Amino acid sequence: MQASGFRDTGRFMLRPARPGVYTPTNLARLMRCLDPQGNIALPIRTRGAASASTDCNQSPTGTVIQTTGLNRIIRIDTYNHTVTAEAGVRLGTLVSELAKQGLELIGNHEQMERTLGGALASPCMGPGIGDRASYLSSQLMQAKIVTAGGKIMNISEQKKHLLNAFRLSYGLLGVIYEATLQVRPISTFSASHRSLCVDRFSDIVDRLSTQDVGLKFYLLPHRNRVYVDVRRYQTVAGNAYETPWKIKDWGESTVLPHVFKSLNRVIPIPSVRYKLIDGISAATYGLVNSKLVNNGNNVAATGRRRRKKPRNLLYSTWCFPATDFSLVVKAYVDFCQQTQQNNGYRCDMPAVGFRVSKDSSALLSPSFDEPVFALQTTSTQQRGWDDFVIDLAQFAENWGGTPLFSQSRAFRAEHATQNYSTRLDFFRKIRRQLDPENRLLNPFLAQSFA
Ligand SMILES: Cc1cc2nc3c(=O)[nH]c(=O)nc-3n(C[C@H](O)[C@H](O)[C@H](O)COP(=O)(O)OP(=O)(O)OC[C@H]3O[C@@H](n4cnc5c(N)ncnc54)[C@H](O)[C@@H]3O)c2cc1C
């Protein structure tokens with residue numbers, strides 16, 4: 001960081017700041033990046049692992065603060081079951097260090113390359129079992145923030161409303177420098193698997209969504225198949241071997257995208273190509289998952305491998321009320337089939353969904369009022385994707401979908417405003433107080449948060 005030490009007195013002209021990416025390695029440097037006296041290009045956006053699919057972590061004409069240099073785990077408290085770490089620590093590193101002490105993160109989170117700060121400031125959700133186990137941010141107890149004005153602010157559970165606003169705040173209220181989370185002893189769950197047609201899944205999803213289970217599924221809309229993974233805690237601690245989970249993770253997140261990308265290149269006839277692609281997906285989810293992984297815990301089930309986001313892996317996630325999901329899932333299948341018929345585009349990867357329990361611990365929680373299903377549409381097919389996500393956003397809007405500011409592509413700001421309603425108004429008020437000069441607001445976020 002080369003912030004100028006001079007004040008702009010008007011007698012000497014400061015050269016206009018150039019856009020740039022800074023990677024501070026300690027608190028003092030982070031504070032200097034945000035110091036209003038520093039000659040830094042605005043707006044300033046914070047970036048962790050950059051795994052969000054929207055422009056929430058971008059500032060092409062301003063400054064990006066890349067937090068990956070802030071990578072120290074400060075303290076693991078094995079007595080009170082807490083961990084304190086800097087914001088740039090990767091989730092994979094955190095999970096490994098906690099496991100050495102017999103501890104795990106609460107909730108079932110994958111994508112181990114993401115950073116702690118990114119996973120607290122934007123939805124990091126998974127099929128957690130039980131209440132308040134869906135979002136990592138629900139476990140945030142304390143945070144040290146550097147404000148838009150370059151000052152330090154400490155927030156804790158004593159300032160409950162402020163802490164709630166900082167969870168899922170997309171870096172709009174300040175930069176999280178350090179965070180303390182609640183963790184817990186490693187616990188074993190069982191994972192049972194079923195393969196169902198979409199109608200059958202739609203029949204049982206209501207019942208499943210009210211049970212105290214972790215529910216995840218993989219949906220192949222063009223093959224009328226849903227692979228369901230239901231997780232429950234075991235009363236007797238069983239064995240949770242890591243290798244099968246690692247193989248599963250490797251298959252899903254590395255092998256499939258690469259194989260599909262190659263098939264898209266070498267097989268020009270769509271009907272042949274997609275038959276093969278769906279066959280490979282069905283074999284992976286039907287056979288590998290159900291035969292391989294039966295017991296797990298939140299350490300093993302992460303796969304723990306830190307990998308780069310596969311290039312060209314595109315995704316968009318929307319949340320739908322759980323009460324409507326039996327209808328939404330059928331409508332989604334129709335939507336995918338219609339889209340392919342009308343303009344030839346279809347996703348090659350299965351859609352992934354999971355239930356997210358009702359949780360009001362974050363002001364901008366997408367499941368603030370009721371449980372929801374997160375539905376993540378994923379593809380390696382770049383050509384046609386941009387039009388597809390516009391249609392998908394329209395579909396989601398028609399079905400009462402809630403957008404995520406970091407993961408829903410092509411949502412309309414008016415729709416987000418209606419959906420988050422008074423909570424968004426309240427968040428905006430806090431934002432204006434903490435960042436009156438809009439230093440942290442880029443044009444993409446300004447559409448919803450100005
Ligand atoms: C293939 C794939 C699958 C995914 N699957 C899931 C999934 O199953 N569930 C899920 O919830 N997400 C999923 N994601 C989304 C993504 O991993 C999350 O959005 C993640 O939490 C972002 O973390 P990050 O470190 O990459 O943050 P970034 O993308 O870099 O930033 C995200 C937001 O957080 C802000 N931010 C980052 N660091 C800080 C900080 N220190 N202080 C303040 N603000 C900060 C940024 O400004 C930005 O607004 C997936 C992503 C990919 C690529």
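The radius of gyration used here is taken over C-alpha atoms, and the globule rule to compare it with is 2.2 Å times the number of residues to the power 0.38.

**Figure 1. The whole protein chain.** What you see is a predicted model: local features need pLDDT of at least 70, side-chain atom pairs count only at pLDDT 80 or more, and totals for chains, interfaces and linings use all residues. Residues are numbered from 1 along each chain as its sequence is written. For 450 residues, a compact globule would have a radius of gyration near 22 Å, and the protein chain agrees because its value is 22 Å. Along the principal axes, the C-alpha atoms fill a box of roughly 70 × 55 × 40 Å. The protein chain has 11 helices and 17 strands; helices (H or I, at least four residues) and strands (E, at least two) are DSSP runs, numbered from the N terminus. Buried residues make up 46% of the 450. A residue is called buried if 20 or more other C-beta atoms lie within 10 Å of its own, exposed if 12 or fewer, and partly exposed in between, with C-beta atoms placed from the backbone. Now for contacts: two residues are in contact if their C-beta atoms, placed from the backbone, lie within 7 Å. Of the contacts with a separation of 6 or more, 73% link residues 24 or more positions apart.

**Figure 2. Three domains along the protein chain.** The assignment gives domain 1 (20-67), domain 2 (71-186) and domain 3 (189-412); such bounds come from an automatic or database domain assignment. Taken over C-alpha atoms, the centres of domain 1 and domain 3 are 32 Å apart. Where these two touch, domain 1 puts in 5 residues and domain 3 puts in 7 residues. On the domain 1 side, that makes 2 nonpolar, 3 polar and no charged residues. In this sorting, Ala, Val, Leu, Ile, Met, Phe, Trp, Tyr, Cys and Pro count as nonpolar, Asp, Glu, Lys and Arg as charged, and the others, Gly among them, as polar.

**Figure 3. Around the ligand.** Which residues come nearest to the ligand? Of the 34 residues around it, they are G48, A52, G117, G118 and G171. To count as near, a residue needs its C-beta atom, placed from the backbone, within 6 Å of the molecule. Strand 2 (44-47), helix 3 (116-121) and strand 9 (175-185) each bring at least two residues to the shell. Helix 3 is the top supplier, with 4 residues. Sorted by class, the shell has 15 nonpolar, 14 polar and 5 charged residues.

Figure 4. Two strands pair if DSSP finds at least two bridges between them. Strand 5 (residues 82-86) runs antiparallel to strand 9, with 5 bridges joining them; here T82 is partnered with Q182. Strand 6 (residues 103-105) is also antiparallel to strand 9, over 3 bridges, and L103 sits opposite P185. Strand 7 (residues 140-146) makes 6 antiparallel bridges to strand 9, with A143 opposite A179.

Figure 5. The order is 13-10-12-11-15-16-14-17, and the pairing is antiparallel. Strand 13 (295-296) and strand 17 (402-403) are the edges, each pairing on one side only. Zoom in on strand 10 (residues 189-196) and you find 8 bridges to strand 12 (residues 225-233), with S195 opposite Y227. Strand 12 also has 7 bridges to strand 11 (residues 214-220), again antiparallel, and G214 has R231 as its bridge partner. The hairpin of strand 11 and strand 12 has 4 residues between the strands, and N224 there takes a positive phi near 55°. Further along, 8 bridges link strand 14 (residues 314-321) with strand 16 (residues 372-379); one of the pairs is C319 with A374.

**Figure 6. A look at T93.** T93 belongs to helix 2 (residues 91-100). Is T93 buried or partly exposed? It counts as partly exposed because it has 19 C-beta neighbours inside 10 Å.
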